[in-house]
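Hi,

Here is the structure I promised to pass on to you.

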Amino acid sequence: MPGNATFHHRNAALLSVTEVQAPEVLTSKDLDRRLADALKRLKLPTGLLQRVAGVKTRRHWSGPGDVRAGTAEAGRRALAAAGIAPEDISMMINTSVSREHLEPSVAVGIHSDLGLPTSAMNFDITNACLGFVNAITLASSMIDAGQAKYVLIVNGEDTRKVQEATIERINSLEKMASREEFMAEFASLTLGCGAAAAVIGPADLHPEGHRIIGGVTRAATQHHGLCVGDHNGMYTDARGLLDGGIELVMNALEDAREHFDWDSMDTYVTHQVSQMHTSSIVKAAKLDKKRVPVTFPELGNVGPASLPITLSREADRLQRGDRVLCIGVGSGLNTAMLEIQW
C-alpha cells in the first residue's frame, strides 16, 4: 500500500508510561438507580451496563480544573519514571478529546503547568480514541528524523458533563421517547475519566527503554457518522460501529503481515470499549484472551487514555524482550497498531 500507512522506527523507545486515576467512583448500579424510572418507562431491564458492556464502575474528577491537574500530574510522573528533566523535553503532545474551550490548545496549559522550556513545541492531536497511539508514531518519527530528542505525550479525559447531560436527557419524557434513542446514547454511560502520559526518547541513549518497532494505520472513513459526540452527549450506531471496527482491524492485521509478524505476541493491548468489542476482536483475530488485558470493567472507556492506562497497569508483568502490540481504534473510523519490544 502506498503512502504512510506502514511505519518502521529505527531509534525510538518508550521510556515510561503512567496514569493518574480520577478520585470518585461511579458504579453501574448507581446509574441504574438514577435511571430507574426511565428504564421502567422504556421497558428496559436494569444491569445492561454490566451485562452487555461489562462495565462495573467508572471514575469521575471531583471538580473544575481537576482534569488539567491530573493530566499535568501524569506528565510529572512520566518524566520522573523516565528520569528525564522537564528542560530536556523537545516536544509535548496532548491527545485529549475533552476540552473546555476551542482556543487555545489544551497543550499550552499543561506545558505551562509542567514548566517545560520555551523551546518545547506543544500542540494538540485529536483523533477520537486513537490520538495517543498516533502521537507515539509522530514522536517516534520525529526522533528518528533527529528533529526531537525527548517527547512527552499527555492525555486527560473528563466525561462527567457528557454523562450528566445524557442522564438528564434519558430521564426526560420529552427528549427520550424510545428504546432506540436510549441505545443510541448507551455508550455515553460507559465513559470514564482519567489521565495518562508517556515519554518517548532515543533508543541508542536508553538501552533500558522499550523499542518502538513500528506499525500500521488504516482508515474506513465511510463510517464517520457512526459515533458522533459533543459536550452534550455521544451518539452511536452500536452495531454498525462494532461491525465496521472489526472489519477495519482485521483488514489492517491482514495488510500488516507483509511487514510484521504479529500472530504470536506476548501481549495485545487494545483500546478499552466494552466486553462485546473486546470479545469480538479476540474471536475475529483468534487471539489468546489471556494475553489481552482489560481495564474497562473498572474504568469504563477513558477515550484515548484507555490504551496507555492499560499498558501502564500491565508494565510490571511484562518481561524484557516481550513483544507488545497496541491496537487502537477511533471513531471515524481509523485504526493504528504499534509494536513495542519490552
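**A loop and its neighbours**

Lys43 sits in the loop between helix H2 (36-41) and helix H3 (48-51); helices (H or I, at least four residues) and strands (E, at least two) are DSSP runs numbered from the N terminus. Lys43 has a phi near 55 degrees, a positive value in a residue other than glycine. It counts as exposed because its relative accessibility is 65%; the cut-offs are under 20% relative accessible area for buried, over 50% for exposed and partly exposed in between, with a 1.4 Å probe and protein chains only.

Before going on, please keep in mind that this is a predicted model, where local features need pLDDT of at least 70, side-chain atom pairs count only at pLDDT 80 or more, and totals for chains, interfaces and linings use all residues. Residues are numbered from 1 along each chain as its sequence is written, and side-chain values use heavy atoms, with hydrogens and water left out.

**Other backbone points**

Ala128 also has a positive phi, about 50 degrees, although it is not a glycine. This residue lies in the loop between strand S6 (121-124) and H6, and Ala128 is partly exposed, with a relative accessible area of 21%.

One runs from Glu103 to Pro104, with omega near -5 degrees, and Pro104 is in the loop between S5 and helix H5 (106-114). Another runs from Gly332 to Leu333, with omega near -20 degrees; Leu333 is in the loop between S13 and S14.

**The cores**

Which residues have the most contacts inside the largest nonpolar core? They are Leu14, Ile200 and Leu311, in a core of 30 residues. A nonpolar core here is a set of buried Ala, Val, Leu, Ile, Met, Phe, Trp, Tyr and Cys residues joined through side-chain atoms within 4.5 Å. Elements that each supply at least two residues of this core include strand S2 (12-21), strand S8 (194-202) and helix H12 (306-314). H6 gives the most, with six residues. Apart from this core lies another, of 27 residues, among them Ile89, Ala107, Leu114 and Val199.

Leaving aside neighbours within four places in sequence, Leu14 is in contact (heavy atoms within 4.5 Å) with residues including Ala198, Ile200, Leu311 and Trp342.

**Helices and a strand**

In H5, the buried residues are Ala107, Gly109, Ile110, His111 and Leu114. Helix H4 (66-82), S5, S6 and S7 are among what covers them. After H5 comes Gly115, whose phi is positive, near 65 degrees.

Helix H7 (residues 160-171) has twelve residues and should span 16 Å at 1.5 Å a residue; its end C-alpha atoms are 17 Å apart, which agrees. The expected span is 1.5 Å times one less than the number of residues. Buried residues of H7 include Val162, Ala165, Ile167 and Ile170.

In strand S12 (residues 267-270), Thr267 and Val269 point one way and Tyr268 and Thr270 the other, and all are buried. S12 and S13 run parallel and are joined by four bridges; strands pair if DSSP finds at least two bridges between them. Thr267 stands opposite Val324 in S13.

**Charged side chains**

The count comes to 18 salt bridges, each a side-chain nitrogen of Lys or Arg within 4 Å of a carboxyl oxygen of Asp or Glu. Asp243 and Arg239 form one, with the closest N and O atoms 3.1 Å apart. Both lie in helix H9 (residues 238-256), four residues apart, about one turn of the helix.

In another, Glu339 pairs with Arg323 at 3.0 Å between the closest N and O atoms. Glu339 is in strand S14 and Arg323 in strand S13, so the pair ties together parts that are 16 residues apart in sequence. Glu339 counts as buried at 6% relative accessibility, whereas Arg323 is partly exposed, with a relative accessible area of 21%.

Not counting residues up to four places away in sequence, Asp32 touches Leu39, Thr46 and Gly47.

Best wishes
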